[in-house]
Amino acid sequence: MKRETLQGLERRESQVRALYQFPQLRQLFLELTLRCNEHCFHCGSSSTAREEGHLTTQEYRDILDQVKADFDIREIQLCITGGEPLLRPDFFDIMSYAHASGFHWGMTSNGTLITQETAHRLARCGMGTISISIDGLPETHDRLRGFPGGYALAMRGIENLIREDAFHAVQVTTVVNHENIRELDALFEIMLGLDIDSWRVINLEPIGRALEHPDLMCTREDYRRLFAFIMEKRNEGYPVEYGCSHYLGPAYETKTRDWYWMCSAGLFVASIMANGDIGACLDIERRPELIQGNIRTDRLRDVWYNRFEVFRRDLSADSEYCRGCEHARFCRGDGHHSWDYDQKGRECASRTCCSESDASHLKN
Ligand code: SF4
Ligand code: SF4
């Protein structure tokens, strides 16, 4: 392992240990709705999601007041998600209030509802960053996301955002699976034609509704291809990056993104779900033992400081599987979103960290 890489991983490890003791809230996810106008095969949200029990406009205002009173909001980024957040009729009421209260915020969206007027309103209420999903060429994107015409609308949304010329960053996110990986090169050509700030590429995870599609999970060969693709584009100077998903091992850490990976759930990241439940990262399965409170009855500050121990630990210590793994010190059992909480026969969640010769614990 290169000395520089080892030093980087060691610095990250000591930072994580310090954060177990002294967590720092940096990203607060607000899931504004579970409703969506698309129906992605890998996502639990849908247009039929019920809105009963969703937090009200006034409750969001109260949450923002509470967070402002309890934390230094100059250090916090609000990350607005859904469902599709723009489906909420009071979206601009809530986000204008956040902006007037001094919050920095960004959003993930499917992009289909972003007309020029919407892009203008997003700029007026202070949105700094946005990530729009493009999951393949037009036919693939529309099929995977269950919405004919969705690709064209999302591309129109991206162009409207760029034309507005008011945002710190416009990003595209692509979830790669065993099928659409064939389209990466063609997608890259399309991205080149857009004036976006970055292209975030992540792999489909075997969680939630995606479990019904084992044929679409990336194989080991797909992972190799994906990371080779990202490294090639980065070497050529393009802002392509792998997202926050897994520890990738010395061969890929820092070559596929700008930072050494850590699972930030409960260390930098907390979330408030559409029904008020408080958890860490929204990518984590919503199991009762991982929901640490509800904003209707609990103060976020109390939950953050006193009830998040479940996220502030080295998962590898709990797993026979990880015990003895040479990567455990830096991987810590990988991300909470892929952790096998039922301990039903765990396989290594970290897909690529091992060399060809010692990769026997990888399934594919
Ligand atoms: S749960 Fe997964 S996506 Fe969330 S911070 Fe951890 S590794 Fe990243
Ligand atoms: S076995 Fe896999 S998940 Fe566990 S510590 Fe090693 S690399 Fe990470």
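The following questions and answers concern this predicted model.

Trainee: What radius of gyration does the chain have, and how does that value stand against a compact globule?

Mentor: For 364 residues, a compact globule would have a radius of gyration near 21 Å. The value for the chain agrees with this, as it is 20 Å.

Trainee: In what order do the strands form the open sheet?

Mentor: The chain has 10 helices and 10 strands. The pairing in the open sheet of 10 strands is mixed. Its order is E7-E6-E5-E4-E3-E2-E1-E8-E9-E10.

Trainee: Which strands stand at the edges of the sheet?

Mentor: An edge strand here has a single partner strand, so one of its sides is left without a neighbour in the sheet. The two strands in that position are E7 (240-242) and E10 (293-294).

Trainee: Which helix packs on the sheet and touches E5, E6 and E7?

Mentor: The contacts are with strand E5 (169-176), strand E6 (198-203) and E7. The direction of the helix makes about 145° with that of E7. The helix is H8 (residues 220-235).

Trainee: Which residue in E2 stands opposite Phe29?

Mentor: Strand E1 (residues 27-31) and strand E2 (residues 77-81) run parallel and are joined by 5 bridges. Opposite Phe29 stands Cys79.

Trainee: Is Thr81 buried or exposed?

Mentor: Thr81 lies in strand E2. Leaving aside residues up to four places away in sequence, Thr81 touches Phe29, Glu31, Thr108 and Leu282. A residue counts as buried if 20 or more other C-beta atoms lie within 10 Å of its own. Thr81 has 21 such atoms within 10 Å, and is therefore buried.

Technical notes. Residues numbered from 1 in each chain as written. Chains lettered and ligands numbered in written order. Predicted model: local features only at pLDDT ≥ 70, side-chain atom pairs only at ≥ 80, totals over all residues. Pairing = 2+ DSSP bridges. Helix = DSSP H or I, 4+ residues; strand = E, 2+ residues; numbered from the N terminus. Contact = placed C-beta atoms within 7 Å. Axes fitted to C-alpha atoms, helices over the stretch in contact; angles between N-to-C directions. Buried ≥ 20, exposed ≤ 12 C-beta atoms within 10 Å, placed from the backbone. Rg over C-alpha atoms; globule rule 2.2 N^0.38 Å.
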